[in-house]
Amino acid sequence: MSPAIALLLSALAMSAIVAARYLVASGGFALATRVRSPGLYAGRGGQIAREIGWSLASAAVYGVPAGIVAWGWQARGWTRIYADAQAYPWWWPPVSILVYLLAHDAWFYWTHRAMHGRRLFAAMHAVHHASRPPTAWAAMSFHPSEALTGAVVIPALLFLVPIHIAALGVVLAIMTIMGVTNHMGWEMFPRAMVHGAAGRWLITATHHQRHHRDYRCNYGLYFRLWDRLCGTDRGLGSFEAESPLPPSRARA
């Protein structure tokens, strides 16, 4: 099989995997929402259909660099992914997870904040904020250009920072779960954690809800570090019915 065909098949396979991961995670938390808060998504069938459509398109965008990485790792040994648990000290896998999350969070903060500038918002980010308020299906509801900015960061890190294959699975699981739960319209973590010491640094749905209400704040993904350093942290939001700001107000 030629390398071009192998790359194409790898990209298609990874796109299917990303799409399946999205459908399982978002579907699972949408079901949990229906059990916990019946009627929360009532009357939003059209919105949910758009969220699913954009998310499946994003899955295809995410699948291309993921497919290149998967093929490069298996066929060429290009990446720093390793499977031998003895290759690095025992403490490196958990540290590598933190390194990946911190790097991803920094990339997300600055690209996300940039996309709240007027021109980039209209061209790239308005699709995501068209979900007002978002649902569990909105986690990957992006314009393809925005999806591309999110699709490259983890693959790029795989060429730079060594990580065990199991640790990579943990990173991808955290990315998926936090992406879904931060948009589902209710808080799954205990109030003591969200409003306690951990909640001062970790982002959960309560923090991200404020971003979807006010637009120009709370840009982070996993941690509140960059929001705190840059003065864009406006604290926690609420899940009461609110009138969101129109997209025209969404400036950096």
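Visitor: I'd like to start with Trp201: in which loop does Trp201 lie?

Guide: Trp201 sits in the loop between α8 (191-194) and α9 (205-214). Helices here are DSSP runs of H or I with at least four residues, and strands are runs of E with at least two, numbered from the N terminus. Keep in mind that this is a predicted model, in which local features need pLDDT of at least 70 and side-chain atom pairs count only at pLDDT 80 or more, while totals for chains, interfaces and linings use all residues. Residues are numbered from 1 along each chain as its sequence is written, and side-chain values use heavy atoms, leaving out hydrogens and water.

Visitor: Is Trp201 buried, exposed or partly exposed?

Guide: Buried means under 20% relative accessible area, exposed means over 50%, and partly exposed is in between (1.4 Å probe, protein chains only). Trp201 has a relative accessible area of 42%, so Trp201 is partly exposed.

Visitor: Now to charges: how many salt bridges does a search of the whole structure find?

Guide: Side chains of opposite charge can pair when their charged atoms come close. The criterion is a side-chain nitrogen of Lys or Arg within 4 Å of a carboxyl oxygen of Asp or Glu. The search finds three salt bridges. Asp214 pairs with Arg210, the closest N and O atoms being 2.5 Å apart, and also with Arg213, at 2.8 Å.

Visitor: Where do Asp214 and Arg210 lie?

Guide: An α-helix has 3.6 residues a turn, so residues three or four places apart point the same way. Asp214 and Arg210 are both in helix α9, four residues apart, about one turn of the helix. Asp214 counts as buried because its relative accessibility is 15%, and Arg210 is buried too. Arg213, at 24%, counts as partly exposed.

Visitor: How many residues of α9 are buried?

Guide: Nine of the ten residues of α9 are buried, among them His207, His208, His211 and His212. The buried residues of α9 pack against α3, α4 (118-129), α7 (165-181), α8 and α10. After α9 comes Tyr215, with a positive phi near 70°.

Visitor: Which side chain of opposite charge is nearest to Arg44?

Guide: For charge, Lys and Arg count as positive and Asp and Glu as negative, with His and the chain ends not counted. The nearest one to Arg44 is Glu51, 6.1 Å away; Arg44 is buried yet has no salt bridge. Glu51 is likewise buried without a salt bridge. Arg44 is in the loop between α1 (3-36) and α2 (45-76), whereas Glu51 lies in helix α2.

Visitor: What does Arg44 touch?

Guide: Contact means heavy atoms within 4.5 Å. Not counting residues up to four places away in sequence, Arg44 touches Pro133, Pro134 and Thr135. With that exclusion, the contacts of Glu51 include Pro134, Thr135, Tyr22 and Trp137.
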